[in-house]
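Good morning, colleagues. Please have the sequence and the coordinates open as I speak.

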Amino acid sequence: MLACKVRIQVIKRPTHFIGVHEDITERKSIEAELTQAREVAETAARAKSEFLANMSHEIRTPMNAIIGLTHLAQRDANTPEQRERLGKVADAAEHLLSVINDILDISKIEAGKLTLESVPVKVDALLTHLDAVLGDRIRDKGLAFKIDAVPFPPDLMGDPTRISQCLINYVGNALKFTDHGHITVRARIVGQQATQLVARFEIEDSGIGISPEAVGGLFSLFQQADNSTTRKYGGTGLGLAITRRLVDMMGGKTGVESEPGHGSRFWFTVRLAKIGDISALTAAEPSSNTTSLAGRTVLVVEDEP
């Protein structure tokens with residue numbers, strides 16, 4: 001089918017005109033082909049993401065079994081050499097599981113399979129958990145670790161698991177790229193209304209820093225500051241991309257301020273809902289509270305003595 005474009009310009013009213021006729025058939029054909037190719041690529045990408053999201057359990061379960069059985073084998077190992085080798089197996093398996101988790105998380109987000117919870121959030125408990133997960137590793141590296149937080153209201157709702165994941169991603173990055181000095185975590189309230197507040201979490205380190213030209217792409221998929229970063233420090237470049245997408249889902253923003261040789265400050269904000277009385281809510285939902293088992297007889301079945 002012929003496609004054309006006609007332009008008419010008035011030179012002198014009412015009788016003088018210039019008309020330009022342009023055959024745009026080929027251009028329209030190319031545009032249609034490009035549109036179709038893009039749709040095919042997007043469909044394939046969605047199918048890939050949905051496949052990985054649906055395979056999440058099947059992929060993670062064998063890795064968890066490998067890690068668990070390796071720990072049991074370490075406990076029964078007879079020589080230091082056996083324990084050392086099994087320790088390396090365990091470390092490699094933990095690293096592989098971390099990579100798998102990142103890939104599956106980003107796939108679930110892209111496939112629209114990831115949903116946020118709305119449950120009570122205790123900011124002080126999130127920070128205590130952060131210290132429990134990474135605090136010893138930071139101090140063992142000879143770094144000062146400080147958590148500086150203002151008091152938060154107790155009646156907040158959100159997704160504590162995903163907020164914790166974002167914090168661990170940021171602090172884990174700071175630990176990876178900091179050899180001397182400190183890592184400081186700050187939590188502040190930067191906005192508050194009757195029904196919600198905006199919390200800002202900030203992680204500051206004295207690490208290697210990031211060049212200005214590399215900062216812009218840090219939150220993109222599979223992106224790191226430069227190729228030498230991957231070779232020297234490892235990583236997939238997915239942690240920050242996952243953090244940005246999770247924070248977007250929680251109504252917040254992400255950012256970074258850094259200078260080579262002078263450390264970095266990564267931050268994110270999230271919106272948390274405020275409710276009147278969380279204790280009344282949890283009392284109305286005993287199935288989600290482990291204390292509801294108090295006074296009951298529980299059978300625990302375990303195949304490992």
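I begin with tyrosine 170, which is buried in this predicted model, its relative accessible area being 2%. Phenylalanine 266 is buried as well, at a relative accessible area of 7%. Both values fall under the 20% cut-off for burial.

The structure contains three aromatic pairs. In one of them, the ring centres of tyrosine 170 and phenylalanine 266 lie 5.4 Å apart, with the planes at 50 degrees, so this pair is classed as tilted. Tyr170 and Phe266, together with Phe201 and Phe268, make up one aromatic cluster.

Helix H5 and strand E9 bring me to helix H8, for both are among the elements that cover the buried residues of H8. Helix H3 and strand E8 are also included in that cover. H8 spans residues 239-249, and its buried residues are Gly239, Leu240, Ala241, Ile242, Thr243, Leu246 and Val247.

How do the axes of H3 and H8 cross? They come within 10 Å of each other, at an angle of roughly 35 degrees, and the crossing is left-handed. On the H3 side, the contact is made by Asp102, Asp105, Ile106 and Ile109, and on the H8 side by Gly239, Ala241, Ile242, Arg245 and Leu246. By class, that contact comprises five nonpolar, one polar and three charged residues.

Finally, glycine 251 follows H8 and has a positive phi, near 75 degrees. Thank you for your attention.

Methods. Residues are numbered from 1 along each chain as its sequence is written. This is a predicted model: local features need pLDDT of at least 70, side-chain atom pairs count only at pLDDT 80 or more; totals for chains, interfaces and linings use all residues. Side-chain values use heavy atoms; hydrogens and water are left out. Buried means under 20% relative accessible area, exposed over 50%, partly exposed in between (1.4 Å probe, protein chains only). Helices (H or I, at least four residues) and strands (E, at least two) are DSSP runs, numbered from the N terminus. Contact means heavy atoms within 4.5 Å. Rings of Phe, Tyr and Trp (its six-membered ring) pair if their centres lie within 6.5 Å; planes under 30 degrees apart count as stacked, over 60 as edge-to-face and the rest as tilted. Axes are lines fitted to C-alpha atoms, for helices over the stretch in contact, and angles run from 0 to 180 degrees between N-to-C directions. A crossing is left-handed if the near helix is turned anticlockwise from the far one by less than a right angle, and right-handed if clockwise. Ala, Val, Leu, Ile, Met, Phe, Trp, Tyr, Cys and Pro count as nonpolar, Asp, Glu, Lys and Arg as charged, and the others, Gly among them, as polar.
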